[in-house]
Amino acid sequence: MPLILIAMLVLVTAASAQHPVEGKSAYHDAFFLDPHLREAVMPMHPPALVSTAFPHKELQERIDVISYDIKLDWYYALTTPSVLRGQRKATGHVHARIRSMVNGLDTLVLDAIALTVDSVFVGGERVPFSGSVTVLRIPLPVAVAADDTIDVDVHYAIRTSDRAFYAFSQEDANQLSLPHPIAFTFNEPEDARRWLPCHDVPSDKALFTVDVRVPAGLTVVSNGTPQRTLSDGDTASWQSWHHPLPMPTYLFAVNASDYVSYDQVYRRMFGGEVPIYNYHWGMDDNGVFFNARNALRNIPRMFEAFEDKYGEYPFPTYGHVTVAPIQFGGMEHQSMSTINRRWLMGDVETGYAHELAHQWFGDMVTCETWGDIWLNEGGASFSEAVWLGFSEGPEGYRRLLADRRNVYMRNGLAEPPVYDIPMATLFNEATTYCKSGWVYHMMRRMVGDNAFFPAIRIYLQRHRLSTAQTADLLETMQGRIPSAVVPWETFFDQWLVKAGHPVFVADAVQNWLADGQYVTIVTVAQTQQADNVPNPFIVPLTIRLYGQGQTKDTTVLMSTSNFQVDIASAFVIDSVQLDPDDDLLCEKTVNTVSSVEGDDAVATATLRLTGSHPVEHGMPAQFVVEGAAVTLQVVDAMGRQVFAHDAVPGIVTVPTSTMVPGLYVARLVSSKSEPVSTVTFIVR
Ligand SMILES: [Zn+2]
């Protein structure tokens with residue numbers, strides 16, 4: 001069977017709009033609907049490929065903080081002249097109730113960096129203490145038994161800095177072209193200890209109340225809701241806030257400036273509502289350049305999108321507080337996200353979606369260790385796509401993921417693993433955000449929406465108002481979706497503990513089987529080679545054939561580095577695409593697509609005469625051949641062949657000098673000598 005090379009195609013991460021991304025059924029459903037593939041797919045879980053055990057980390061914490069009651073005096077930090085900025089101080093008093101997690105706790109160690117500690121009290125009694133640069137060490141008068149609690153008071157002072165605690169007086173603000181004085185904190189991951197003696201780990205959630213003294217005219221904003229305001233003479237006030245549910249130190253924040261508030265509300269279709277309190281500068285409320293009302297207009301709809309997927313919003317209230325100047329975009333402080341003033345320009349809607357989604361992924365369920373940060377950031381990054389899927393449809397979902405993939409692919413195989421990323425690169429955009437978001441997307445696509453979202457909701461509920469490790473998500477997935485086509489341990493191991501992604505290279509050759517039936521042999525290789533990068537990745541891979549206006553999808557479980565699959569079709573292919581719906585974080589190249597000459601191809605071949613007609617004797621007759629055929633023949637009125645030529649697509653010239661004037665027929669014929677396109681012409 002002669003092969004005609006139809007096309008050399010290079011499809012690198014090509015997009016396709018053939019099917020919507022959302023709502024696709026699970027892969028294993030697709031497998032078992034196609035009996036021809038059953039054999040290729042079974043056994044689905046080659047035992048040798050399953051890693052032994054995913055690491056579950058044992059924490060060695062000695063204390064559990066139950067509550068922090070904090071008093072801060074920010075008055076001087078907000079009023080000291082700029083020239084004395086280096087001398088600027090704030091004072092604090094924290095009262096913490098702490099539970100011992102060990103028997104015989106004899107020394108309390110709190111995280112505290114560069115704090116000037118004035119005095120410490122345990123159970124109301126003043127006690128000696130010692131400190132290093134990074135911790136405050138408090139010998140306890142009496143050793144504390146496991147589960148017993150102690151009350152500790154620490155009085156301290158801090159200098160403002162450009163890290164963790166930021167303060168700008170009116171004079172500073174003028175120099176920075178900002179309208180008002182402002183002070184705010186920014187703790188993640190381990191900076192709370194720079195302004196608050198605390199147990200600064202994400203695994204320890206506590207209740208927070210804060211009372212702050214600020215110059216008159218400024219409004220304090222923190223997590224939860226405002227409690228009371230007390231005037232302190234004409235020049236200052238004390239303002240307190242409280243959040244009713246526990247949070248880790250990194251999600252706690254305090255802000256103060258000359259804020260106005262703009263309130264929204266999210267009303268659930270079936271009752272219940274969430275008030276949304278937004279704080280920003282008055283000139284930005286409905287301004288031309290910064291416009292909070294415009295930038296925030298879709299927040300209630302984001303609640304709708306996320307409650308639909310993740311279950312009820314976990315806190316009684318939500319809100320945004322705007323700060324500047326700051327290098328960050330936004331931060332998901334529990335129930336009160338901090339946003340950069342820049343976001344009020346209204347062009348980073350996915351940023352708002354990201355911080356709101358963190359209220360489920362990060363705040364309601366907090367990464368238990370920083371090595372699990374991908375649970376937070378992957379969930380929030382994935383949710384940006386979920387929001388665009390809700391507001392714009394499947395193309396929006398897909399576009400966002402494509403953007404994230406492109407960021408990751410800049411370094412791709414050279415990026416470190418997602419899991420247990422070092423603190424120094426904790427917020428590595430390519431992995432902690434982009435690849436992690438794709439891991440959620442790939443879980444979704446592997447098992448389908450009807451399995452994925454219920455499992456995610458169960459995971460979130462199981463660890464609600466608590467913490468989770470990566471192993472906890474793995475356990476939920478294993479329990480809820482035990483028959484996933486790729487075993488969950490393998491999935492988590494290859495995508496999280498190991499680095500990289502599959503690099504697919506494919507070739508496709510089509511052969512003619514019988515009338516109207518073809519088989520395409522697709523050979524796929526995984527070619528990734530790099531340190532700590534698996535080869536093979538074990539993945540369900542969809543192969544899509546295109547041709548004659550038709551498509552055919554075939555999904556196979558690729559569990560070896562090289563793989564071949566025979567795909568039957570009723571049409572002649574002109575191209576092949578791997579992973580056409582972008583289900584996998586991968587690179588994909590189809591090198592060659594070779595298609596057979598078959599009668600369907602010939603049936604679409606056409607012939608037409610070009611130039612003047614009738615053809616003058618002695619002048620060449622020119623024909624245009626389109627499509628695949630074998631031979632161009634010319635016969636006279638008696639049926640005798642007077643000319644034959646290979647029917648390659650293009651122009652074929654037929655000399656007429658040896659033909660007698662009269663009627664002729666030009667025809668394209670197939671390999672079976674059947675005419676498929678004819679043109680009658682006259683030579684005169
Ligand atoms: Zn985030």
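**Why these words? A predicted model in questions**

Mentor: Both His354 and His358 are buried. Keep in mind that the model is predicted.

Trainee: What does the word "buried" say about His354 and His358?

Mentor: The word is used for a relative accessible area under 20%. His354 and His358 both carry that label, so each has a relative accessible area under 20%.

Trainee: Where do His354 and His358 lie, and how many residues apart are they?

Mentor: Helix 7 holds both, and they are 4 residues apart, which is about one turn of the helix.

Trainee: Which atoms coordinate the zinc ion, and at what distance?

Mentor: They are NE2 of His354, NE2 of His358 and OE of Glu377, at 2.0 to 2.1 Å. The cut-off for a donor to this metal is 2.8 Å, and these distances are within it, so the three residues count as donors. Along the sequence, their spacing reads H-x3-H-x18-E.

Trainee: Which residues of the largest pocket lie nearest its centre?

Mentor: Phe328, Gly329, Gly330, Phe427 and Tyr433, out of a lining of 34 residues. The volume of this pocket is about 760 Å³.

Trainee: Which elements give two or more residues to that lining?

Mentor: Strand 20 (330-331), helix 7 (349-358), helix 8 (373-391) and helix 10 (429-447) do. Helix 7 supplies the largest share, 5 residues.

Trainee: How do the residues of the lining divide by kind?

Mentor: There are 14 nonpolar, 9 polar and 11 charged residues.

Trainee: Why is the largest pocket said to lie between domain 2 and domain 3?

Mentor: Residues of domain 2 (258-349) and of domain 3 (367-411 + 421-497) both take part in its lining, so the pocket lies between the two domains.

Trainee: What makes strand 17 and strand 18 a pair?

Mentor: A pair needs at least two bridges. Strand 17 (residues 259-267) and strand 18 (residues 273-281) have 9 bridges, in the antiparallel sense, so they qualify. Ser261 stands opposite Tyr279 in this pairing. In their hairpin, 5 residues come between the strands, and Gly271 has a positive phi near 100 degrees.

Trainee: In what sense do strand 18 and strand 19 pair, and over how many bridges?

Mentor: They pair in the parallel sense over 4 bridges, strand 19 being residues 318-323. The requirement is at least two bridges, so this also counts as a pair. Here Ile276 stands opposite Tyr318.

Trainee: What is the omega of the cis peptide bond between Ala324 and Pro325?

Mentor: Omega is about -5 degrees. Pro325 belongs to the loop between strand 19 and strand 20. Another cis peptide bond joins His613 and Pro614, with omega about 0 degrees.

Trainee: Why is Asp420 called partly exposed?

Mentor: Its relative accessible area is 43%.

Trainee: What makes Asn532 partly exposed?

Mentor: Asn532 has 41% relative accessibility, which again falls between 20% and 50%, so the label is partly exposed. Asn532 is not a glycine, yet its phi is positive, about 65 degrees. The loop that holds Asn532 runs between strand 25 (517-526) and strand 26 (539-547).

Definitions and conventions. Residues are numbered from 1 along each chain as its sequence is written. This is a predicted model: local features need pLDDT of at least 70, side-chain atom pairs count only at pLDDT 80 or more; totals for chains, interfaces and linings use all residues. Side-chain values use heavy atoms; hydrogens and water are left out. On a 1 Å grid over the protein atoms alone, a cavity is a set of points where a 1.4 Å probe fits but cannot get out, and a pocket is an open set with protein on both sides within 12 Å along at least five of seven lines; lining residues have an atom within 4 Å of a point. Grid points are joined across faces, edges and corners, and a volume is the space filled by probe spheres set on the points. Ala, Val, Leu, Ile, Met, Phe, Trp, Tyr, Cys and Pro count as nonpolar, Asp, Glu, Lys and Arg as charged, and the others, Gly among them, as polar. Domain bounds come from an automatic or database domain assignment. Donors are N, O and S atoms within 2.8 Å of the metal (3.2 Å for Na, K and Ca); water is not among the atoms, so sites may look incomplete. Buried means under 20% relative accessible area, exposed over 50%, partly exposed in between (1.4 Å probe, protein chains only).
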